[in-house]
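Please look through the structure below before reading on, and keep it at hand while you work through the points that follow.

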Amino acid sequence: MDTTGPAFPFTIDNLGRVATQTGDENLRARIIQVLLTAPGERVNLPEFGCGLRELLFDPNNEILAATTEFAINRALVRWLGDEILVEQVGVTHDDGTLEVEVVYVRRDSLETGRVKIAF
């Protein structure tokens, strides 16, 4: 069963209503929200998120990659564990660029999906 939620980023549709997303689009948006939200940023859910942006200021090396993989995996299992199985979190780093790829399986349809973000 596909769930519907507000569009990410937040927008207003042509009818003046809050834009919504359904299915894979909604799930990908929710994964990105977990990745980009820093703990303490949401008032009613102070533990929500994984603090990915905070890791950007650390030295770009293998330790950062391992720390990032652990933080992302833990946050996704905690906040979206009822909807997805995290298959793999890949973090690659080059000079000045950190790329994160999350491979997941939807629990309702057993379909594999990917979300990729680069900083």
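Arg106 is buried, with a relative accessible area of 8%, which lies under the 20% cut-off used for that word. This arginine is found in strand β4, and its side chain makes a polar contact with the side chain of Asp108 at 2.7 Å.

**Confidence of the prediction**

- The mean pLDDT of the protein is 84, and 96% of its residues reach 70 or more.
- Among the elements of the protein, the lowest mean pLDDT, 72, belongs to strand β1 (residues 4–6), whereas strand β5 (residues 112–118) has the highest, 92.
- Where pLDDT is low, the predicted coordinates should not be read in detail.

**The sheet**

- Three strands form an open sheet in the order β3-β4-β5, and the pairing in this sheet is antiparallel.
- Because β3 and β5 stand at the edges, each with a single partner strand, one side of each is left without a neighbour in the sheet.
- Neighbouring strands of this sheet are turned by 15° against each other on average, if direction is ignored.
- Strand β3 (residues 84–94) pairs with strand β4 (residues 97–106) over ten bridges in the antiparallel sense, and within this pairing Leu85 has Val105 of β4 as its bridge partner.
- These two strands, β3 and β4, form a hairpin with two residues between them, and Gly96 in the turn has a positive phi of about 80°.

- Helix α1 (residues 24–36) lies across β3, β4 and β5, and its direction makes an angle of about 40° with β5.
- Helix α2 (residues 62–80) lies across β3 and β4, running at about 155° to β3.

**The nonpolar core**

- The largest nonpolar core has 24 residues, and those with the most contacts inside it are Ile31, Leu35, Ile72, Leu76 and Ile84.
- The elements that give two or more residues to this core are α1, α2, β3, β4 and β5, and α2 gives the most, with six residues.
- If neighbours within four places in sequence are left aside, Ile31 is in contact with Leu76, Leu80, Ile84, Tyr104 and Val115.

- Leu110 counts as exposed, because its relative accessibility of 64% is over the 50% cut-off.
- Phe70 has its place in helix α2, and with a relative accessible area of 54% this phenylalanine is exposed as well.
- Although Phe70 and Val89 are 19 residues apart along the chain, their C-alpha atoms are separated by 8.4 Å.

Notes:
Residues are numbered from 1 along each chain as its sequence is written. Side-chain values use heavy atoms; hydrogens and water are left out. Two strands pair if DSSP finds at least two bridges between them. Helices (H or I, at least four residues) and strands (E, at least two) are DSSP runs, numbered from the N terminus. pLDDT is the predictor's confidence in each residue, from 0 to 100. Axes are lines fitted to C-alpha atoms, for helices over the stretch in contact, and angles run from 0 to 180 degrees between N-to-C directions. Contact means heavy atoms within 4.5 Å. Buried means under 20% relative accessible area, exposed over 50%, partly exposed in between (1.4 Å probe, protein chains only). A polar contact is a pair of N or O atoms within 3.5 Å; within protein, one must be able to donate a hydrogen and the other to accept it, and residues adjacent in sequence count only if both atoms are side-chain atoms. A nonpolar core is a set of buried Ala, Val, Leu, Ile, Met, Phe, Trp, Tyr and Cys residues joined through side-chain atoms within 4.5 Å.
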